[in-house]
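Please look over the helices, their packing and the aromatic contacts of this chain. A short briefing on those topics is set out after the structure.

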Amino acid sequence: MKKFFTLLVILLSICYPFIVYWGLQRFEAKWILPLVLIILSLRWLSKKQESERKLVIFSVLSLLVIIMLADQQTGLKFYPVVMNVGFFALFAGSLLTNESLVEKLARLKEPELPQSAIRYTRKVTLAWSVFFIINGTIACLTALFATDEIWVLYNGLIAYVLMGMLATGEWLIRLRVRKA
């Protein structure tokens, strides 16, 4: 049941730009806003770690501020921006501690890491932090200045392709580093 719940959250999150685009073509933004709350509520329920739940609270508060300062449609389009800011905070914030976020994830599979692996995980955490800054900036620009079509193209497709490329590139580099 937990796997199904997690899969549902992931699918809703990936489909979010398409659902918003489709919804904005047919309805007022105020009728689509509950979708954001449903996704964030599901994220809250599926996450047990405090840091992940802080990300959900940050997302809800940020979106409420954006809706109050701008409008509901802008608030809907800022969901990817808020998620990037939140992930940036998680990744970059972990660099200020003794154990980076990627190191914590690596230790789940391999509890005893050599010093070289610890240094490597810090570099990977930094790379993801930079990615979230750049991706969030582009998502922000598409939310503010681009057409709905460009917004959905970037946030519903291009951003995920870029994430996949970064993850694949890191995996290939990790294989090479392990062999050395």
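Predicted model: local features only at pLDDT ≥ 70, side-chain atom pairs only at ≥ 80, totals over all residues.

Residues are numbered from 1 along each chain as its sequence is written, and side-chain values use heavy atoms, with hydrogens and water left out.

**Annotated regions**

- An unreviewed UniProt entry places the feature "transmembrane region" at residues 27-46, 55-72, 78-97, 126-146 and 152-173; such annotations may be inferred rather than shown by experiment.
- Residues 78-97 are 80% helix and 0% strand, with 29 Å between the end C-alpha atoms. Helices here are DSSP runs of H or I with at least four residues, strands are E runs of at least two, and both are numbered from the N terminus.
- Residues 126-146 are 95% helix and 0% strand, and their end C-alpha atoms are also 29 Å apart.

**Helix α5**

- Helix α5 takes in residues 79-94, and its 16 residues should span 22 Å at 1.5 Å a residue. The expected span is 1.5 Å times one less than the number of residues.
- The end C-alpha atoms of α5 are 23 Å apart, which agrees with that expectation.
- Buried residues in α5 include Y79, P80, V81, V82, M83, N84, G86, F91, A92 and S94. Buried means under 20% relative accessible area, exposed over 50%, and partly exposed in between, with a 1.4 Å probe and protein chains only.

**Helix packing**

- Helix α1 (residues 2-26) packs on helix α2 (residues 29-46) at about 165°, with the axes 10 Å apart. Axes are lines fitted to C-alpha atoms, for helices over the stretch in contact, and angles run from 0 to 180 degrees between N-to-C directions.
- Helices α5 and α7 pack at an angle of about 160°, and their axes are 8 Å apart. The angle makes α5 roughly antiparallel to α7.

**Aromatic pairs**

- The whole structure holds 8 aromatic pairs. Rings of Phe, Tyr and Trp (its six-membered ring) pair if their centres lie within 6.5 Å; planes under 30 degrees apart are stacked, over 60 edge-to-face and the rest tilted.
- F91 and W128 form a tilted pair, 6.5 Å centre to centre with 40° between the planes. The pair links distant parts of the chain, with F91 in α5 and W128 in α7 (residues 115-145), 37 residues apart.
- F91 counts as buried because its relative accessibility is 11%, and W128 is buried at 14%.
- W128 also pairs edge-to-face with F131, at 5.5 Å centre to centre and 80° between the planes. The two are 3 residues apart in α7, so about one helical turn separates them.
- F131 is buried, as is W128.
- Ring pairs join F87, F91, W128, F131 and F132 into a cluster.

- Q73 is in helix α4 (residues 72-77) and is partly exposed because its relative accessibility is 33%.
- W31 lies in α2 and counts as exposed at 59% relative accessibility. W31 and Q72 are 41 residues apart in sequence and 9.7 Å apart in space, C-alpha to C-alpha.

Technical notes. Parallel < 35°, antiparallel > 145°, perpendicular 65-115°, else oblique.
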